[in-house]
Structures are given as C-alpha cells and as structure tokens.
Amino acid sequence: MQLETTWVRELPGTYASVTLAVPSAPRLVAFNGPLADALGLDADVVRANASDWLSGAGLPPGASPIAQAYAGHQFGGLSPQLGDGRAALLGEWVDASGRRWDVALKGSGRTPFSRGGDGKAALGPMLREWVIGEALTALGVPASRALAVVATGDPVLRERRLQGAVLTRVASSHLRVGTLEYYALRGGLVQLHRLVGYALARHHPEARGASPALALLTAVRDAQAALVAQWMAVGFVHGVLNTDNVTLSGESIDFGPCAFVERHDPATVFSSIDTQGRYAYGNQPSITQWNLARLASALLPVIDDDDDVAVAAAREIVGGWGEVFEARMREAWARKLGVTVSDVGCIDGFLALLHAHRPDHTLAFRGLGAALREDRSVWARAGLAGPDVDAWYAAWRPVVTATRAVADAAAILDAVNPAVIARNHRVEGALASASAGDFGPVERLVAALQSPYDAALLDTELADPAPDGFTEGYQTFCGT
C-alpha cells in the first residue's frame, strides 16, 4: 500500500500538515475486501496492518497526513473557513489502470480546522458511510467508499457516550466546490490556478475550452447533472448539499444524514437540521445548480480579467444546467422504464402515477418486470394500483415489448431496477446491533446491498418497506 502525495507536492498552501491522534486500543471491525481487490491492493497485507495503518496508530508506506482547507455555503449561508476538522488525507493510491484514488481517514483527531471540535468520530456514523457507499456503488452511482472501519477503544462524547471509530475513505478525490471558494475569498489566485489545473488533469482530462476555468465549470456541471439524475432515479436523498459536500469529480461524498426515500414524495426530508426542506429529495437538482453558481463565482477571477466577460461566460454555463440535467434525468427514467427518451407519454405517465399514488419508489420500479409477467404482487406491496395504473400499463406494454420478447424485456427491467436498497429501518437496526457488539446484521446488510438486483432478495425482509409509523417523523443526523 505504497501511497503517493501529489497534493502535497503540487498544491502548496492549500493544506495543513497534521499529526494523527493515537487510539488506545485500535481494532478492525469492518474491512471492504471487494474494494481492496478492485483497487489492486494486497488485501491480506492491508487487513493485517489495518489496526495500525488505518487508525492513526501508525502510517502506511508513503503517507503524509494533511488536512485540506475549504470554505462552504451551508444551508445558503457562507462559512468562510471550514476545512478538514476531523479528517486527514494520507495520500493517493494508483491502481493498475493508472487511476488515482485518495485514501483518507475520518475521525482521526483534531486539525487546525477543527473549530473547537474533538476531531473524533463515532462507530455508528462511520459504519453508515460503509453501508451507504457500498449501496450506491452497487447501484451504479459514483460514490466514495469505506475501505475499513477501526474501533479506537476510546469514547466519543456527543449527546451521550459513544464508541470511537476511524473510517478509511477512498474517493476519486476530496476536491470540493468549497475548496475553490476558500481561495477565491482570500484572493488566492495562485492556488486557484493550480487547483483548476490539478482538477482538470485528474478528473476531466478530456475537458477543452479557451479558459481552463470555464472548461472545469462545464465539466463539473455535466458530472453533477449525471450524478444527481442517478440519485433521483434510485430515490437517494443526500441530506446536506452544502458546497463543501459537492465534489468536482461528480462523486457522492459525506454520508451523514443521507437516506433513501420509501414512499415517493419530492418533499421528503430526513435530516434533523434541514428544518426548511432546503435539501429535500425533489430540491436536489435546483440546489445543485445553486451550488454551481457558487463555483462559478469562485472561478471568476481566473476566467477572465474583465469581470463582465467572466460573468457572462460563467452565467451561460450555469444557465445551461436545466437542459443538461433534464437530458440526463430523461435518460435515467427511460432506462428504468425500458423505453427510449422519445417515449414521452410512457415516462411522464409513470411519473404522474408516482406523484398521484406515492407508492414505494423502489418496488414501483422493480414491479415493472413482474407486471410484464402478469404478476402485480410487487406493485401491490408498493401500493400502486388503480384504473389509472391499468391505463398506463396498457399503453406502456406494447412499447416496451415492440422489439423484444416479453421475457427478455422483463429481464432487462429487473437488471436496472433494484430489488433492495439501504432501507432506513434496516440500516438503523444493523447499526444499533453493531454498536452493541454484534456486527453480523450490518455485514449481512452490506453483502445484500452489494448485489441489489438479485431476484432472490425480493422475497426477503430486506425488500420490505418500513413498518407503519417508522418513516413518519424519521430523522437522520450528521454524526459530527
């Protein structure tokens, strides 16, 4: 696990070196073997050394721990200095294909950006990062992933005494919109130019334009449009879409109060701190455009020396969000319905059913394949039935079977609509068991979520919606 440190070498002045907190009794409690294999790591070596390398007790070869600086618009208000308050980037792993991955610890102690916090993390929230990262990845949604979770043996004091833990997070990078905001606020033109070049080379090397900053803004817009469309398609609610949680790579990151919708409702909010519904499920596209406008503002000094020229160019790109996102969203809905984007009636008709009936989002889509086989039991579980459903089905069926056999069309639908997601009551139950010392439920849950399209899982309790009364009033928390 020999790490490289291009951030340290190429981006001076954008971070602070840190010393990791040493845990009293580090113990590996979760290890992501599939991720280790995908990265080309020697899983046996990393697992054997995880309690040392991935806890703060020691360092893997080549590591140089740093805390990155960034700002952020949080719930619409500017926080000019945030930064890694409880995280440390150890370095980058380069896989066999040459792709570079950040390896970072979360919960590894205080940094110069801790703002009075202890820099620690609790076991439950760190295991949640493992669960959600694996769930999204298996659904085809770009996401950071947990390589390991190490219990520290030290308590963490929040509302009550909790078990401490350190997460090892692997991501395409930790470059955020807030990273560029930080230096724009401080007039750091040198850092801005370096960050733009670094981000383009690392994440969007195909991006082209007269201005590197405009090329980056366009690439981030397009990547975020694809990402948010995927969130909407699977019913994912990030929960805290502040600009410090929006990556330049177009990857999901920071899984605190995130959750999946059950009954389809654009107004769905889970986060305990989102009292106004700013980051509700249905608001995620418009909020992402708002965040892109903040990125555009940060980039203005390096777009053009003429403010009017810079603003006009940036406004054109951000203003194109609606068209770009709508195209990605239409593609996602069409894929889930087994039709083409030109089949407007099928797409709009099913979305109207979702709004009218508020069925279980996941089972409503999963039931499409079963319905083609003349089995509407999945739709019954979802709460989707009625004359309007029958009418839509009668119009959709000949479209989806026009060029393929019914069995083939049903198999295609089953391959793109999951049988299971990280249902909130299952996640909470698994995390509660782990906090009590039984890691079996969370391990079994992750294993199922890594194969979400498996038809056999549809007949298990993991596919069942939450019991009556659970979702109403259900809240998630940041874990900070």
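Glycine 235 follows helix H7 and has a positive phi, near 80°. Helices (H or I, at least four residues) and strands (E, at least two) are DSSP runs, numbered from the N terminus. The structure is a predicted model, in which local features need pLDDT of at least 70 and side-chain atom pairs count only at pLDDT 80 or more, while totals for chains, interfaces and linings use all residues. Residues are numbered from 1 along each chain as its sequence is written, and side-chain values use heavy atoms, with hydrogens and water left out.

Helix H7 comprises 23 residues (212-234) and spans 33 Å from its first C-alpha to its last, close to the 33 Å expected at 1.5 Å a residue; the expected span is 1.5 Å times one less than the number of residues. Of the 23 residues of H7, 18 are buried (under 20% relative accessible area; exposed is over 50%, and partly exposed lies in between, with a 1.4 Å probe and protein chains only).

Phenylalanine 75 has a phi of about 55° and is placed in the loop between strands E4 (72-74) and E5 (77-79). Its relative accessible area is 30%, so phenylalanine 75 is partly exposed. Glutamate 374, with a phi of about 65°, lies in the loop between H12 and H13 and is exposed, at 58% relative accessible area. Most residues other than glycine have a negative phi.

Arginine 376 is found in the loop between helix H12 (361-372) and helix H13 (377-382). Residues up to four places away in sequence aside, arginine 376 touches Val389, Asp390 and Tyr393 (contact means heavy atoms within 4.5 Å).

Two cavities of 30 Å³ or more are present. A cavity is a set of points, on a 1 Å grid over the protein atoms alone, where a 1.4 Å probe fits but cannot get out; lining residues have an atom within 4 Å of a point. Grid points are joined across faces, edges and corners, and a volume is the space filled by probe spheres set on the points.

The largest cavity has a volume of about 40 Å³. Strand E6 (residues 87-94) provides the largest share of its lining, three residues. The second largest cavity holds about 30 Å³ of space and is lined by Ala233, Val234, Lys336, His361, Thr362, Phe365, Pro418 and Ile421. Helix H12 gives the most to this lining, with three residues, and H7 and H12 each supply at least two.

Conventions
On a 1 Å grid over the protein atoms alone, a cavity is a set of points where a 1.4 Å probe fits but cannot get out, and a pocket is an open set with protein on both sides within 12 Å along at least five of seven lines; lining residues have an atom within 4 Å of a point.
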